Amino acid sequence: MQYHLNGLPADASVDPSLHHPVPKTPTDTSPLPTEVDVLIIGAGPAGLLLATQLSRFPTLKTLIVDAKPSSLAQGQADGLQCRTIEIFQAFGFAEKVLKEAYWVNETTFWSPGKGGEGLVRTGRIRDTEEGLSEFPHVILNQARLHGLWEETMAGSEAGLGVRYGWGMKGLRIPEKGSVEVEVEKVEGGERQTVRAKYVVGCDGARSPVRQSLGLEMKGDFANQGWGVLDALVVTDFPDLRLKTAIHSANDGSILIIPREGGYLARFYIELDKLGSNERLSSKNITAEDLIARAKKIFAPYTFDVKHIGYWNKYEVGQRLTNHFDDVPAEKRNSLNPRVFIAGDACHTHSAKAGQGMNVSMNDAFNLGWKLASVLRGRADPKLLHTYSEERHAIAQLLIDFDREISRQFAAKPKNKANGANTATETKETDKDAVDPAVFQEYFTRQGRFMAGVETTYKPSLVTSSSIEHQHLASGFQIGTRFHSAQVLRLADAKPVQLGHVMEADGRWRIMLFGSTESTLAPTSAISKTCLWLEKVLIPRYTPSNADIDSIFDVRAVFQQPRQELDIAAMPEVLLPHKGKFGIQDYEKVFTDEASYGFGFGEIYKNRGIDREHGAVVVVRPDQYVSAVLPLGEEGWVEMEKLFGGFMIEIKPGTNGHST
């Protein structure tokens, strides 16, 4: 798709393919509810994902408020990692994003030429490693992303929408009962108290929720200012449509991020260093100042700005809170959390590697299913401790990474043209200068982290500490996201990505990989495992009036060809009768064989699955691998131990859960 040729629209959140965009739904002006299950404060990427996740459960009452008068009209962040697109797939709108977005396929690097003059391309790399994900790294306006979240949320079973124009004024956490939050209408000053079982602050770097908890953002600023400019430009620089890092000799650095639509580009422009007590807000920097600095960095190439869609200035800094909820370390064994913070409310960093919006949404994806599980009576509230435990560790890795990549972006380039020192050669006193080759190598080495697929959760209530059976599926590392691969659906011979069956619906996935033995024989390990799941594990945690797969979604991949398998002979758990009419679900069984026109996924080979013995891969509702186990009784014991550690069993003779 090409658009934005003549400039950005006033509201970039609407579908750019529409010649006459559909007006937004008016803000809901009905009275706010006074009692809710979850109150979300802040409708940025984290808050919108969390609200959309909770809107999948219509029995839960969720309220999301934001002090802004309406949804975002022009973007701030824009980079979307491969992992983030995988999450969008779980919510059902990845295809829209891929259609509209700019795909980041290559990254180039530019530095001063011989003698420190001009600019030369010093490197070119593939942006995302081959086979890392079925999705690319893309760029899409944050405002448009907000629009997609709001569309998805409004179309959910709960039909949830954001209440704009309401800000938080106070928060009180009583020893027992609901959290009390005082909110105020920005226009008119009307105040109201909302009582919520859980409160989540997704309210940005100046988070009132964080401040009400007395949590401090610890860290420092790097005394380095940057400008950001979305613009339509005319230039003879050849790599305008590639993600490009430019280190000039004496005028700083620029990171080019081509934008969606084919014409627009974003420029992160290095400004002068700040003094130890200086703040960028005290400097009267204008868009014209950013353009002037960009022209110097691009020289001798031209840089003629025709239209500015968005610009801003910011300081580089890395800061992090000690934990992401209301329970201090010394009370974690006796209290369960009721108030949480996510995204910029608990970690801030630079925009250089496009991590902020992505990590924030991953915070919310980690928390959302856990809140839903507890509120729906599926899990013990102690499960909620794992949110801060897991996401704080990831945020610390991000802070460390961002500090180093920001330093390298801002460093002057070393130049040893022809083996001789030049004007841009680092001085002995300038130890921060960076060799362009070293910068490119670091950028390449951190590719998996920047793609969002390096996250590894440590052992917890929901992630097994046992690696005894990891060798049965070595490509599905415990604690990492389930790395999708193509398989062939048995019932209709359709090639599908196995990871795409894992929707954001709060269910656990139990993925069975068959061995070389006869798959349908009653004595086979997979048949016995299916029977145990159907008769023991599933009834233990699933209400009797619910579908058999409402808590555990069991799927199987066989290595035998379709011709040797009879779909009608599959165990009940793989061919379940569902819904009010008891219709059979034919989409739970797959084979590892070539498809018509789409090649061979080879999931057994590419994900290291033991062909002789098969494997069980347990996947959390947020798509992270919880355990790798053997088929058969030993695996059953481990699953009982895992789920028994946090899930609530059904009371005998009832449709509900025990307390």
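Biologist: Hi! Before we talk helix packing, how are axes and angles defined here?
Modeller: Axes are lines fitted to C-alpha atoms, for helices over the stretch in contact, and the angles between N-to-C directions run from 0 to 180 degrees. Keep in mind that this is a predicted model.

Biologist: Thanks! At what angle do helix 2 and helix 7 pack?
Modeller: About 45°, with the axes 10 Å apart. Helix 2 covers residues 82-91 and helix 7 covers residues 356-375. The two are therefore oblique to each other.

Biologist: And what is the handedness of the crossing where helix 2 passes helix 7?
Modeller: That crossing is left-handed.

Biologist: Which residues meet there, in helix 2 and helix 7?
Modeller: Helix 2 brings Arg83, Thr84, Ile87, Phe88 and Phe91, and these meet Asn358, Met361, Asn362 and Phe365 of helix 7. By type, the contact has five nonpolar residues, three polar and one charged.

Biologist: Switching to aromatics, how many aromatic pairs does the structure hold?
Modeller: There are 30 aromatic pairs. Among them is Phe93 with Trp149, an edge-to-face pair at 4.9 Å centre to centre with 85° between the planes.

Biologist: Nice. What does the pair of Phe93 and Trp149 tie together?
Modeller: Phe93 lies in the loop between helix 2 and helix 3, while Trp149 is in helix 4, so the pair links parts 56 residues apart in sequence.

Biologist: Last one: where is Glu184?
Modeller: Glu184 sits in strand 10, residues 179-185. Beyond its neighbours within four places in sequence, its contacts include Trp166, Lys169 and Arg191.

Biologist: Which side chain does a polar contact join to that of Glu184?
Modeller: The side chain of Arg191, at 3.0 Å.

Terms used. Residues are numbered from 1 along each chain as its sequence is written. This is a predicted model: local features need pLDDT of at least 70, side-chain atom pairs count only at pLDDT 80 or more; totals for chains, interfaces and linings use all residues. Side-chain values use heavy atoms; hydrogens and water are left out. Helices (H or I, at least four residues) and strands (E, at least two) are DSSP runs, numbered from the N terminus. Angles under 35 degrees count as roughly parallel, over 145 as roughly antiparallel, 65 to 115 as roughly perpendicular and the rest as oblique. A crossing is left-handed if the near helix is turned anticlockwise from the far one by less than a right angle, and right-handed if clockwise. Contact means heavy atoms within 4.5 Å. Ala, Val, Leu, Ile, Met, Phe, Trp, Tyr, Cys and Pro count as nonpolar, Asp, Glu, Lys and Arg as charged, and the others, Gly among them, as polar. A polar contact is a pair of N or O atoms within 3.5 Å; within protein, one must be able to donate a hydrogen and the other to accept it, and residues adjacent in sequence count only if both atoms are side-chain atoms. Rings of Phe, Tyr and Trp (its six-membered ring) pair if their centres lie within 6.5 Å; planes under 30 degrees apart count as stacked, over 60 as edge-to-face and the rest as tilted.
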